[in-house]
Amino acid sequence: MHAAPTPLTILIVDDQNATRVALTAELDRVGHRVLEADSAEWGLELFRRYRPDVVLMDVEMPGHDGYWTAREMRAAEPGGWTPIIFLSQFKQDLDIWKGIESGGDDYLVKPVSPMILHAKLRAMQRLAQMRHRLVTMSEELRAANAQLEELSSVDALTGLMNRRALDARLQQELDLARRENKPLTLVLCDVDHFKRYNDAAGHVAGDACLRRVAQLLKETCRRPADCAGRYGGEEFALILPNTPRSGAMTYARALMRTIELSAIPHPDSPTGPSITLSGGITTCVPDESTSVEGLIMRADEALYNAKSTGRNRFFS
Ligand code: GH3
Ligand code: MG
Ligand code: MG
Ligand code: MG
Ligand code: MG
């Protein structure tokens, strides 16, 4: 042989002692680690236990034959692929066909020349490496995709759901509420006089203020199904499943109280020394005609009314 091969763990399954001894001696000589099994059952056991790199599989064995063993091995590694090379004294086309059909990757006729054996092992190793690279690549791709998915649904400034995710969630909750015949509440809220905040304190402080408001909104979502998101700019949305009108009003009062107590200073607000919110609330038990757009439109109208009647209030 020329260059020393990368050491492999090779499982030989063959009922004939002489064959195993000869193969083992040859594989040993070039540095491979050899596992020997004299039956299908034991071969399968060693396969499961040691996960060899390659299997050399006799076809004719008492009890279960090599075809059966190969199929069992394939079934024992879902998503995986260990190269299996059949060894047989039968060299008819049909024998070879059956070997490959039962899950073998190659088929050698006994007695096998050492050089052919090493060449075939090398080919299998190359395929296994290629497959490994592909599997790694697809895992990396999946991770990158998951990261992208996450990025595309989170608002970068506040860490809340963004508009895209909110719309999707609202649609889900709408469908669920319709199926279960339960009330769904949507709250849109908007920071009062936030342009003045930016003008007086600067955009960096403005950003920090929005993060603080976002955090408070998140904290007011006490039930697991409630969710808060940034609808855009200084506007936020809250989706409150299974919440009737009365519950929504209670929620709004608690939210306004939380904002009031946290007393985030506003440097230039006609509504007072600290940040205030205006909100629009809509509650419905959805039917066939209810849509996400319709809900948003109604909450928006209520928000507009809260703004135009003096701000720092929630309307429904
Ligand atoms: P109103 O009480 O009617 O809501 O008045 P307003 O000034 O809050 O409303 P307007 O829509 O006129 O202005 C919203 C401001 O919010 C303008 C914009 O500069 C600011 N804003 C939007 N997004 C961001 C952001 O991400 N960071 C900061 N710092 N400011 C933002
Ligand atoms: Mg045999
Ligand atoms: Mg606004
Ligand atoms: Mg506005
Ligand atoms: Mg505003």
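**View 1. Helix H8 in the shell around ligand 1.** H8 supplies the largest share of this shell, four residues, in the predicted model. Strand E6 (184–191), helix H7 (194–201) and helix H8 (203–220) each give at least two residues to the shell. In total, 17 residues surround ligand 1. His193, Phe194, Asp207, Arg230 and Arg311 are the closest. Sorted by class, the shell holds eight charged, five polar and four nonpolar residues.

**View 2. Polar contacts of ligand 1.** Arg311 places a polar side-chain atom 2.7 Å from an oxygen atom of ligand 1. The side chain of Asp190 has an N or O atom 2.8 Å from a ligand 1 oxygen atom. Val191 uses its backbone instead: an N or O atom there lies 3.1 Å from an oxygen atom of the ligand. Ligand 1 taken alone exposes 650 Å², and the protein buries 68% of that.

**View 3. Protein donors of the magnesium ion (ligand 5).** Asp190 (OD), Val191 (O) and Glu234 (OE) are the protein donors, at 1.9 to 2.2 Å from the ion. Their spacing in sequence is D-V-x42-E. Asp190 sits in strand E6, and Glu234 in the loop between strand E7 (227–232) and strand E8 (235–241), so the pair ties together parts that are 44 residues apart in sequence.

**View 4. Asp190 and two magnesium ions.** Asp190 coordinates both the magnesium ion (ligand 5) and the magnesium ion (ligand 3). The two ions are 3.7 Å apart. Is Asp190 buried or exposed? Asp190 counts as buried because its relative accessibility is 7%, and the cut-off for buried is under 20%.

Terms used
Residues numbered from 1 in each chain as written. Chains lettered and ligands numbered in written order. Predicted model: local features only at pLDDT ≥ 70, side-chain atom pairs only at ≥ 80, totals over all residues. Heavy atoms only, no water. Near = heavy atom within 4 Å. Polar contact = N/O pair within 3.5 Å; in protein donor to acceptor, adjacent residues only side chain to side chain. Areas by Shrake-Rupley, 256 points an atom, 1.4 Å probe, with all protein chains shown as cover. Nonpolar A, V, L, I, M, F, W, Y, C, P; charged D, E, K, R; others polar. Donors = N, O, S within 2.8 Å, 3.2 Å for Na, K, Ca; no water. Buried < 20%, exposed > 50% of the residue type's maximum accessible area, 1.4 Å probe, protein only.
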